[in-house]
Amino acid sequence: MTDGQLGLLELPDMSRLCRWGRQLFKLLDRYVLNVDNDIEDLEMQVVRYKPEGLDTLCKNTKFTRKELQIMYRGFKQECPTGIVNEETFKEIYAQFFPQGDASAYAHYVFNTFDHDHNGSISFEEFVMGLSVLSRGTFQERLQWAFSLYDVNGDGVITKEEMLDIVTAIYEMMGRYTEPSIDDTTAREHVERVFQKMDTNRDGVISVEEFMDTCRRDENITRGMSIFDTVL
């Protein structure tokens, strides 16, 4: 499989999301280069949405207080209300995947970040998700990937859900997908991967089957190693 060919077990969606995360950090940092670093001033800003204390977020994520300060100021610059709706999320995502249509994939990622499923991502949800992706353990990252493919959140991945995500990945990659992908190719690929993961042949992939298959796959292990993100 060439670099341009997408394989689910290589988790190309996660690796590219990591790259997007790095780029997003740079984007956020651009907005804070000339901003005073006084944390007390930050916490006293009058906003329509006030996140929980940074100390609490430090405990619940793997980011430092300084990193959270940078992200919060950038977040507020981009999203003055303190929340991100799905359309804004798609617009941000599209900046990093201009070669294709990222809207479908952005929708699925948005749902994974939107833990309370209220149609918006708060700063807390945003940094909690990035914390897992950029600095989580191998197990935590795999759990995040499983939740992405488990579109309806019922604890198992169906073949239809996997096809939805794979199709969204192909649409996002656009002209960089080689060879070009049609519906038949995507379905054949999903069929092969599904057969590998559905070890008990019950027609769905459990979290245990997903984890076990991924742990045994060296490509996934190598792919996870690129997730270290430094502000």
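How much space lies in the largest pocket?

**Exercise 1. Describe the largest pocket and its lining.**

Solution. The model is predicted, and local features need pLDDT of at least 70, side-chain atom pairs count only at pLDDT 80 or more, and totals for chains, interfaces and linings use all residues. Residues are numbered from 1 along each chain as its sequence is written, and side-chain values use heavy atoms, with hydrogens and water left out.

Step 1. The largest pocket holds about 390 Å³ of space. A pocket here is an open set of points on a 1 Å grid over the protein atoms alone, where a 1.4 Å probe fits, with protein on both sides within 12 Å along at least five of seven lines; its volume is the space filled by probe spheres set on the points.

Step 2. The lining comprises 21 residues, each with an atom within 4 Å of a point. Asn111, Thr112, His115, Trp144 and Ser147 lie nearest the centre.

Step 3. Two or more lining residues come from each of helix 6 (103–113), helix 7 (123–135) and helix 8 (138–149); helices are DSSP runs (H or I, at least four residues) numbered from the N terminus.

Step 4. Six lining residues are nonpolar, twelve polar and three charged. Asp, Glu, Lys and Arg count as charged, Ala, Val, Leu, Ile, Met, Phe, Trp, Tyr, Cys and Pro as nonpolar, and the others, Gly among them, as polar.

**Exercise 2. Determine how helix 7 packs on helix 8.**

Solution. Step 1. The two axes come within 8 Å and cross at roughly 125°; axes are lines fitted to C-alpha atoms over the stretch in contact, and angles run from 0 to 180 degrees between N-to-C directions.

Step 2. Helix 7 is therefore oblique to helix 8, since angles under 35 degrees count as roughly parallel, over 145 as roughly antiparallel, 65 to 115 as roughly perpendicular and the rest as oblique.

Step 3. Val132, Leu133, Ser134 and Arg135 of helix 7 meet Glu140, Arg141 and Trp144 of helix 8, contact meaning heavy atoms within 4.5 Å. Three of these residues are nonpolar, one is polar and three are charged.

**Exercise 3. Characterise the packing of helix 6 with helix 9.**

Solution. Step 1. Helix 9 spans residues 159–173, and its axis lies 7 Å from that of helix 6, at an angle of about 130°. The pair is therefore oblique.

Step 2. Helix 6 contributes Ala104, Tyr105 and Tyr108, while helix 9 contributes Asp164, Ile165, Ala168, Ile169, Glu171 and Met172. This contact has seven nonpolar, no polar and two charged residues.
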